Amino acid sequence: MLLLCTAVCCAAPVSNAISSYVALTSDPQDDGGIAQGGTAADIPPRMLTAYKKAVQQVRTYVPNCHGMHWPILAGIAKVESNHAIGRDIADNGTIRPKIHGVLLNGSGQGGNTTVFPDTDGGKWDGTANGERAVGPFQFLPSTWETIGKDANGDKVADPHNADDAALGAAIYLCGNGRDLTKQSQLKAAILQYNHSDEYVANVLGWIDQYTAASKNPELKNVSGKVRTVIDAGLSQQGVPYSWGGGTASGPSYGICCSPSGKSGANIKGYDCSGLTTYAYAKAGISLPRTAAAQAGRGRRIPASLGTGALKPGDLVFYAYAPGRDSTIYHVGIYLGGGQMINAARPGTVVRLDSVNAMSGYAGGARLL
């Protein structure tokens, strides 16, 4: 596997670890534990508007709530419905087709083992034969009846409306007045949403990444070739990941196949080292094609110095066995503020991520 991984770039580490969090993926055959998405770029604009609007409105209902920020709501919605991606979201926030979970009849489908009898006569979940979670935040109808509010001014509290659902989630997470800036209270809020330690870790991982993405890095003192490299990398945000894709000239069709069989042959985009190759070429620097080979360029920054030793424009590496550059599997471009420009894995796009979003930190390299 290591031979295949170092032949191109980038496979995920064997460990499935993401910083101190666990990221669960919808496809168990994906390339390990690198969380997909992770920036505002993967959230439909209308959904992001709903999350931000809910943050402004929630203190009307829970005035003693502190620390509610949109990444918290985004973390929940990412896990519950992938931000309603694939649905139509109207200007008023109404989502169609409606999002219904599995029938909670104890059948085991979707992991449910408990029977939830019907409480709404099918008003929200479309069936009187039992309960189904509804909307982008997947509320049970019985829960919605207690926390549902009208957030978009149409005088209906509808869990299938982005604004209403986001406000309901914010109210639910705030409880009687939590301080969500405290990790213990944030965990308690998420645990209330779904009583599973695995679920809590998953949501926290997304919150961590969305929080990193929401911060604007300090680049006032960055100029010259460093600025050129960073601007080149940032200009490619939203371009799809393609296994083996990307050249010094820009995005390209990739090859087959990643360790899990994901082909880039029909996807025009970048893998991790393809992105760095492109960005550095804009500054007149030619890089070898693989992440492991790129670690041999410039002045090496040892992992033992920590991520605080990185400067904007540095290459940042991740390895299966830190300390052994031959096992490097991933590379990004350090942006500053603890963030990197990243082409993370199949199924994602070029985005900003926390430098702690991947396991096996292996230091950096300074070429500028």
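Predicted model: local features only at pLDDT ≥ 70, side-chain atom pairs only at ≥ 80, totals over all residues.
Which residues is Leu 186 in contact with, leaving aside its neighbours within four places in sequence? The answer is Ile 72, Leu 180, Leu 204 and Ile 207, where contact means heavy atoms within 4.5 Å.

Residues are numbered from 1 along each chain as its sequence is written, and side-chain values use heavy atoms, with hydrogens and water left out.

Let me return to Leu 186. The residue lies in helix H6, residues 183-193; helices (H or I, at least four residues) and strands (E, at least two) are DSSP runs, numbered from the N terminus. Leu 186 counts as buried because its relative accessibility is 6%; buried means under 20% relative accessible area, exposed over 50%, and partly exposed in between, with a 1.4 Å probe and protein chains only. Leu 204, one of its contacts, is 18 residues away in sequence and 8.8 Å away in space, C-alpha to C-alpha.

I turn now to the nonpolar cores. In soluble globular proteins, nonpolar side chains tend to be buried together. A nonpolar core here is a set of buried Ala, Val, Leu, Ile, Met, Phe, Trp, Tyr and Cys residues joined through side-chain atoms within 4.5 Å. The largest one has 47 residues, and Tyr 51, Met 68, Leu 73, Phe 137 and Ile 190 have the most contacts inside it. At least two residues of this core come from each of H2 (45-61), H3 (70-81), H4 (141-147), H5 (162-174), H6 and H7 (197-214). Which helix supplies the largest share of this core? That is H5, with 9 residues. Apart from this core lies another, of 32 residues, including Val 239, Tyr 270, Ile 328 and Ala 343.

Next, a pair of helices. H2 and H5 pack with their axes 8 Å apart, at an angle of about 45°; axes are lines fitted to C-alpha atoms, for helices over the stretch in contact, and angles run from 0 to 180 degrees between N-to-C directions. The two helices are therefore oblique to each other, given that angles under 35 degrees count as roughly parallel, over 145 as roughly antiparallel, 65 to 115 as roughly perpendicular and the rest as oblique. Among the residues that make the contact are Tyr 51 and Ala 54 of H2, and Ala 166 and Ala 170 of H5. Leu 73 is in contact with these four residues as well, among others.

Gln 138 lies in the loop between strand E4 (95-96) and H4. Is Gln 138 buried or exposed? Gln 138 is buried, because its relative accessible area is 18%. Beyond four places in sequence, Gln 138 touches Glu 80, Ile 99, His 100, Gly 101, Ala 133 and Tyr 193.

Finally, some backbone features. Most residues other than glycine have a negative phi, and most peptide bonds are trans. In this model, the peptide bond from Arg 96 to Pro 97 is cis, with omega near -10°, and a cis bond also joins Cys 256 and Cys 257, with omega about 5°. Asn 82 has a positive phi of about 55°, and Ala 84 has a phi near 60°. Asn 82 counts as partly exposed, at 30% relative accessibility, whereas Ala 84 counts as buried, at 2%.
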